[in-house]
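Please keep the viewer open while you read.

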Amino acid sequence: MALNVTPPRRRPSRGRHAAAALLLASAGSFGLLLAAPGPAAAGSNLVVNPGFESAGSDGMPTCWEKSGWGNNDSTVTTTDASEAHSGGRALSVTVTRRVDGDRKAMMAEDTSCAPDVAPSHQYDLSLWYKSTTPDASVTVFRHDVKAGWQYWTDLKSLPLSAGYTQATVRTPVVPPGTDQITWGVSVYGTGTVTTDDYDMEDATLPAAGSLCTAGDACTKGRWEVMPFRNPVRSMHSVVLHNGKVLLVAGSGNDPSMFKAGTFTSAVYDPKTGAMKTIPTPVDMFCGGHVQLSDGRVLIMSGNKSYPAADGSHGYEGLKDSYLFDPATESYQKVNDLNEGHWYPSATELGNGDVITFGGLKEDSTGSVTAEKFSQAQQKWLPRTEVNQTWSYWGLYPSMILMQDGRLFYSGSHVFGNGTPGGGAAVYDYGANRITDVPGLQDKDHRDQSMSVLLPPAQDQRVLTMGGGNVNSNPEASRLTDLIDLKQPNPLYVPGPLLPQGTVDQGQGPKPETGAQGKMYVSAVLMPDGKVLETGGGLHDRADPVYEASFYDPAGNAFQPGLATDPIPRTYHSSAFLLPDGRVMAVGDNPGNGTFDDHVSVYTPPYLFKGARPQITSVANADKWQYASTQRVTVDRPVVKAELIRPAAVTHSSDPNQRFVDLPMTVGADGTTLDLNVTSNPNLAPPGWYMLFAVDAAGVPSVASWVHLGGPDAMAAPMVHGFAGHMSAKPTGPERPHAAHPVSPEIAGCDRHYGSADVCVPTVFPSEVARTTAARCGWLRAHGYGSLRLNGRDDPLRLDPRGTGRACGR
């Protein structure tokens, strides 16, 4: 059997340490599955030797084999009739000592033994078991016709059971290129699990006929510009667990508001259309934010000062930190960070703590201090209680939590070049070691690209899209890169190119050509398992690109030609999923200092396909636990259910965005679902999630809100030994130092002209000739008015007459 990625006989050890995490007591297994309506094949057991009655070699039944990984002692034995559920045999896996890893009894990876499957189908799996350990899971591997056998997913945690209990679960949709699967029970704690009478049946639900009569919207979707305006210059968008949206502006990149001390936020209610302005205590412009496990929003840092006109300092970061409470719609002060972090990362860990890196300090230098917010203590910890590598990760570095508790820095960031080396890395906080990750294409042109952990989170794949560089100001990139963090030595490989749309460079929209792509990308995880990418611009704070597409993780391809947002969405824009399955987009702040306050909403094609399934009841919605089975009911059959973490997005950055698959056990009525929650909090950090149910046509329900997290449990997390044999050598902490030097022009703006929010580019696009006439023509075409000269220097030769005004007439 495959050892997560490769068979154990070819690579017998693949384990890493398991991350400590909060675990919750498992609810009992319901075991009620009857075959759901499906094709003629339904009802036929696809498992060879399901009761182990046919004996094979090495003491194992025919078509079954031992496998596993890590440092542990175990035995796998065939029992006699006294231990069987039926017939004369059962199969027992016993682990007597465990440091890491697991042991399995699985169906053999053999063409005559492994059950055949069809892509796009789903299968109901069941077995009878008894167990003396809560640390056991139904694990599935799949055979890819190109890549061979590989780990697929863990479907269900098995609670303790002294006597035989039936466990049943439905697989996700089988990915393209898969012709066989094998499955069985993984034991990853000390104890014994005995199993018997395996069953696997095709449970595919046919898609209903198309009911769409909406014309192009049936395939492209539809954008609508709302009949109201955004009351604040929102830079930050957070979907709250009551379904409302927090829009944070602070000073909104407006120095006059900063000088006046006018800082703003708003709460938008999609159900009523109401916008409520919220008193805001400090300038949260370009701070960081993340939702805590209780649903409050932690906001860190912000803007202490705009750049000086004489270039003596750049932006300066605040040390302040606040919590926004959705219940009271107000901000509450918490203790300060150890130092300022303008443009920081923010990632929730599996235990509910929050870790942050990067940004600018109070003196405009780059922060090399890692900060951690303790969930238990509800405060930022002293620097001495946080592991420090003294590394400068840049601004808004995309730090994505991996399934074993490490962090993957994807290479997406804001302003300028990527980090040294490959531009991406894995950071092991516990060991305080950084390992470079190779393969990221054109790493220094990934400024305001976007990275997403693809659906489902269990697959551990990350896609990075587009980007540019505000300092060198090239045309933005079409490149995408894909990494599979399940591999022993993960590295980026090129993904499909971003589709092209039209670009407006001041003379109206024209088709993109050649290698033209976009930066300021927004990417949204959708309930049907696709990723919507939308918005963007061709150059630094200029030249909006009108293009949108769906990326399909299963097919590794873009579906181009979707409807496009009629409002430009470049710098300081964001797009995010609403609980009703639509996407909302706000913001646009080009270099001339204006801000677009239109609000757009996208209705995807799946909402034009007819009636939506409905979630009619959710048990224990406010206290879902890890490794548990949770019962919900729907009004008609669905093919999948998932948790989607609500957005907290700014500057093409939301590293906490994730889609977590909930393998189903389907009741006899087809509408009672027992959803199997992962045992691993690193896959789904504690907090509030949107629960969607999706039918065979890809139509989602409106989300129900559920809260994941709670007291410690008996079960341990199911952690795999992925990324355990990386080729790069891990590096330890740098020499302790106070800061990293950063240019005052890090934002790609030449401060010799205009004001802090008016961004004359340090480098004009390459097609603009290096003459006063050409540069001034470009500025006029992009809506720049009269600009004062700050001081006597005129490096871009915009004031050859010496009038003190740039491009004066």
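Which residue takes a positive phi in the hairpin of E28 and E29? Point 2 has the reply, after a word on the model.

1. This is a predicted model, in which local features need pLDDT of at least 70 and side-chain atom pairs count only at pLDDT 80 or more, while totals for chains, interfaces and linings use all residues. Residues are numbered from 1 along each chain as its sequence is written, and side-chain values use heavy atoms, with hydrogens and water left out.

2. The residue you were asked about is Asn 432, whose phi is near 55 degrees. The hairpin has 4 residues between its strands. Its strands, E28 (residues 424-428) and E29 (residues 433-437), pair in the antiparallel sense over 5 bridges; here strands are DSSP runs of at least two E residues, numbered from the N terminus, and two of them pair if DSSP finds at least two bridges between them. Val 426, for example, has Thr 435 in E29 as its bridge partner.

3. Now for the domains, whose bounds come from an automatic or database domain assignment. That assignment gives domain 1 (64-202), domain 2 (227-608), domain 3 (615-712) and domain 4 (748-808). Domain 2 gives 66 residues and domain 3 gives 38 residues to the contact between these two, where contact means heavy atoms within 4.5 Å. Their C-alpha centres lie 24 Å apart.

4. How much area is buried between domain 2 and domain 3? It is about 3900 Å², with 58% from carbon and sulfur atoms; buried area is the accessible area (1.4 Å probe) that two parts lose on being put together, summed over both.

5. Across this interface of domain 2 and domain 3 there is 1 salt bridge, meaning a side-chain nitrogen of Lys or Arg within 4 Å of a carboxyl oxygen of Asp or Glu. Glu 348 and Arg 645 form a salt bridge with their closest N and O atoms 2.8 Å apart. Strands that give two or more residues to the domain 2 side include E22 (347-348) and E30 (450-453).

6. The structure holds 23 salt bridges. One of these joins Lys 244 and Glu 329 at 3.1 Å, N to O. Lys 244 lies in the loop between E12 and E13 (245-250) and Glu 329 in the loop between E20 (321-325) and E21 (330-334), so the pair ties together parts that are 85 residues apart in sequence.

7. Two backbone details deserve a look. Pro 455 and Pro 456 are joined by a cis peptide bond, with omega about -15 degrees, and Pro 456 sits in the loop between E30 and E31 (461-465). Ser 120, a residue other than glycine, has a positive phi near 80 degrees; you will find Ser 120 in the loop between E4 (102-107) and E5 (123-131).
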